[in-house]
Amino acid sequence: MAELAAVIASTHHPFYYRASTSTGADRPPFADEWVAKIERFRETLTRAEPDVLVMVGSDHFHQLWLDNMPQFLVGKAPFFDANFYNEEREFGLPRMTLRGEEDLAAHLLRDGLDRDFDLAFSNELRIDHSITCPIITLRPQADLPIVPVYTNIFAPPLPQPRRFVALGKAIREMVESWESDKRVAVIGTGHLSLELGGPRQFGEHGPDPEFDRRAVEWIASGDVEGCLAEVSLDSLHAPGNATHGFMDFMLMMGVAGEGAKADHVDTLDLFHTMEAYFTWYPNGVPGEVVPA
Amino acid sequence: MSKYLLDKFLYTVDRDPELVERYREDPAGTVEWWEAEMANRILNCASAERSTWLEFTEDERRALREQDHVTLFQMGAHPFLTLTLFIAVFERDHGPLEYQKAYGKAMEHISLPYPDIST
């Protein structure tokens, strides 16, 4: 069976690419610290020596539109082109093409349907920055095949938070029951408190630093039940109008498991939003000898 | 009122570089053309097929013509779509982040709960 080599949850900040590649007067003052944190985070994936990446993200009204909107969707294709004109325009993101892992995608679809997740699928999916940002930060050589899993955190009505957690748990079980000798990392990106297009956007910090503090604590300690007890579709409006993206972090808490403490935790307080990075090693830290 | 149609306008214009420029140069003409030619095009369907029933209210037409992001927000247009398109149209006339901050400042009188964006 396949091995779950690492579980990684991250914010996906579309400005990272430009901040990290800019020089001279164009380079923002926080860029060096940001790059250093990302390089440490990247090492946590590199150490896990993955062969395949399951990438959990959310289309931002690029290919998926309101005339035909899936709640959860698995991409099954030999290739995924990536990034769109408006991401190039606003964030300076490059065009990319990633290979797909169709055998794992087929397994997730069949097994997911049989577990009562009515997953949509796409055989021609152009992926956006929710998946390419973590490729850029965690695997910039973009050399591994992926299975994209899209969630709807964007176009209400949305699924309940507990469904995100349940799908995360199921993804873990399905990866671990995939008949393969491959090492799989599951990487998912979302947001902490975030406001887009509202009065609280682009402030000195994220719109709700107290929510961010609690969210980091829930994730880092694996407090799935505590998080589910506090977070609802209604409550997520309060920290910021785009905070429903936090449900992708909840999905990743489902993958990591109840009570699973993250092996790597880091944050960076930026203007507009807080960055947060988490890695779990379900089968122990790679290369670390467990004392007898 | 059709939040869906407002969103469809913002979505289709934002994703087409020529339409972004056209909306910047001639907002009233773009809104009129778009409603006549594009509003009933089904985006995820063969191009020959069209809907028959989609149109703006006069208030919606005015908000789009006047590029009034505050009113669009209050109508329940999707804030991400409005923000992304308006950055494309207006950011170039401002210093770094100046437009984004002014965009939020213009809405500071709006408090929770925000208008429902469900379609």
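What volume does the second largest pocket have? Let's work it out by touring this predicted model.

## The second largest pocket

The volume of this pocket is about 640 Å³. It has 20 lining residues, and those closest to its centre are A:Phe15, A:Arg18, B:Glu91, B:Pro96 and B:Leu97.

Sorted by class, the lining of the second largest pocket holds twelve nonpolar, two polar and six charged residues.

## The largest pocket

Helix 6 of chain B gives the largest share, five residues. The lining of the largest pocket counts 23 nonpolar, 16 polar and four charged residues.

## Chain A as a whole

Let's step back to the chain itself. Chain A contains nine helices and ten strands, and its C-alpha atoms fill a box of roughly 55 × 50 × 40 Å along the principal axes. A compact globule of 292 residues would have a radius of gyration near 19 Å, so the 18 Å of chain A agrees with that picture.

Of the 292 residues in chain A, 61% are buried. Looking at contacts in chain A between residues at least 6 apart in sequence, 80% link residues at least 24 apart. The accessible surface of chain A is about 11200 Å², and carbon and sulfur atoms account for 49% of that surface.

Terms used: Residues are numbered from 1 along each chain as its sequence is written. Chains are lettered from A and ligands numbered from 1 in the order in which they are written. This is a predicted model: local features need pLDDT of at least 70, side-chain atom pairs count only at pLDDT 80 or more; totals for chains, interfaces and linings use all residues. Side-chain values use heavy atoms; hydrogens and water are left out. Helices (H or I, at least four residues) and strands (E, at least two) are DSSP runs, numbered from the N terminus. Ala, Val, Leu, Ile, Met, Phe, Trp, Tyr, Cys and Pro count as nonpolar, Asp, Glu, Lys and Arg as charged, and the others, Gly among them, as polar. On a 1 Å grid over the protein atoms alone, a cavity is a set of points where a 1.4 Å probe fits but cannot get out, and a pocket is an open set with protein on both sides within 12 Å along at least five of seven lines; lining residues have an atom within 4 Å of a point. Grid points are joined across faces, edges and corners, and a volume is the space filled by probe spheres set on the points. The radius of gyration is taken over C-alpha atoms; the globule rule is 2.2 Å times the number of residues to the power 0.38. Buried means under 20% relative accessible area, exposed over 50%, partly exposed in between (1.4 Å probe, protein chains only). Contact means heavy atoms within 4.5 Å. Accessible areas come from the Shrake-Rupley method with a 1.4 Å probe; for residues, only the protein chains shown count as cover.
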